[in-house]
Amino acid sequence: MTRSSFVTVAFCLAIAGLLLGAAPAAAQAKEYRIGAIMELSGPFSQWGAPMRDAIQLAVDNINVAGGVKGVPLKLVIYDGRSRGTEAALLAKRLAEQDKVVAIIGPGTSPTPMPVIPYVSSAGVPTFSMGSSDRIIEPPAERRWLFRVPYGSRQNVEKLIEHFKARGIRKVGFLSVNNAYGDTGREEFQKAAGPAGL
């Protein structure tokens, strides 16, 4: 995992810590449980283990530094097996059985989509590493969802800057058939004409 990915995961945990800080003193726990749903098997598994390791490293560093307001973090990790339906079941398990205060993951764009209805209705802060804009939009319906990486719109803006700087006006676009590819294609199609491509 790159340094920037680690920093974003650590930032994600810091945000969860800030959310915890709002809890009343009477509700002080012996540990704050944070859930993680990673793609440790299945077609997206090449990303799952590095994400898991980076999150665990961030939790370990936070705990060595004294935890969150003196309370250690406990990471509960499950393998979503690169399946959205599995991730949705695990999100419910993390919230209801494991009593986590926040969920990190799923780690790709397609797998969080089935998680959204449950975490939205249950009010579980969820930090996805997927970059599809659909994860957080429309904001009024996704108030408990946060996306860690840049989104499709920001990626398209950078691509267009690159093309313009090099005088490229004709572009072919290939995308994968999932939420990541769909939103990337849609954003590119919206931006290409006005950019003169």
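Reply: Two residues are in contact when heavy atoms of theirs lie within 4.5 Å. In this protein, among contacts between residues at least 6 apart in sequence, 61% join residues at least 24 apart. The model is predicted: local features need pLDDT of at least 70 and side-chain atom pairs count only at pLDDT 80 or more, while totals for chains, interfaces and linings use all residues. Residues are numbered from 1 along each chain as its sequence is written, and side-chain values use heavy atoms, with hydrogens and water left out.

Along the sequence they follow the pattern α-β-α-β-α-β-α-β-β-α-α. Of the 197 residues, 41% are buried; buried means under 20% relative accessible area, exposed means over 50%, and partly exposed lies in between, with a 1.4 Å probe and protein chains only.

The core itself comes next. In soluble globular proteins, nonpolar side chains tend to be buried together. A nonpolar core is a set of buried Ala, Val, Leu, Ile, Met, Phe, Trp, Tyr and Cys residues joined through side-chain atoms within 4.5 Å. The largest one here has 17 residues, and Ile-37, Ala-91, Leu-94, Ile-103 and Val-119 have the most contacts inside it. Two or more residues come from each of β2 (73–79), α3 (84–96) and α4 (116–122). The largest share, five residues, is given by α3.

Setting aside residues up to four places away in sequence, Ile-37 touches Tyr-78 and Gly-80, then Ala-87, Leu-90, Ala-91 and Leu-94, and finally Ile-103, Ile-104, Gly-105, Pro-106 and Gly-107. Another core lies apart from the largest one; it has 13 residues, among them Ile-34, Ile-55, Leu-75 and Met-129.

Two of the partners of Ile-37, Gly-105 and Pro-106, are joined by a cis peptide bond with omega near -10 degrees. Pro-106 lies in the loop between β3 (102–104) and α4. A cis bond also joins Glu-137 and Pro-138, with omega about 0 degrees, and Pro-138 lies in the loop between β4 (126–128) and β5 (145–147). Most residues other than glycine have a negative phi, and most peptide bonds are trans.

Ser-82, in the loop between β2 and α3, has a phi of about 65 degrees although it is not a glycine. Lys-99, in the loop between α3 and β3, has a phi near 55 degrees. Ser-82 is buried because its relative accessible area is 10%, whereas Lys-99, at 56%, counts as exposed.

A glycine in helix α2 (residues 45–64) also deserves attention: Gly-48. At 0% relative accessibility, Gly-48 is buried. Leaving out residues up to four places away, Gly-48 touches Met-38, Glu-39 and Leu-40. Gly-48 is 31 residues from Asp-79 in sequence, yet their C-alpha atoms are 8.4 Å apart.

Finally, consider a pair of helices. The axes of α5 (residues 152–165) and α6 (residues 179–192) come within 9 Å and cross at roughly 50 degrees. Axes are lines fitted to C-alpha atoms, for helices over the stretch in contact, and angles run from 0 to 180 degrees between N-to-C directions. The contact is made by Ser-152, Arg-153, Val-156, Ile-160 and Phe-163 of α5 and by Thr-183, Gly-184, Glu-187, Phe-188, Ala-191 and Ala-192 of α6. In the loop between α5 and α6 lies Ser-175, which is partly exposed, with a relative accessible area of 35%. Beyond its neighbours within four places in sequence, Ser-175 is in contact with Gly-181 and Arg-185.

Note on methods
Helix = DSSP H or I, 4+ residues; strand = E, 2+ residues; numbered from the N terminus.
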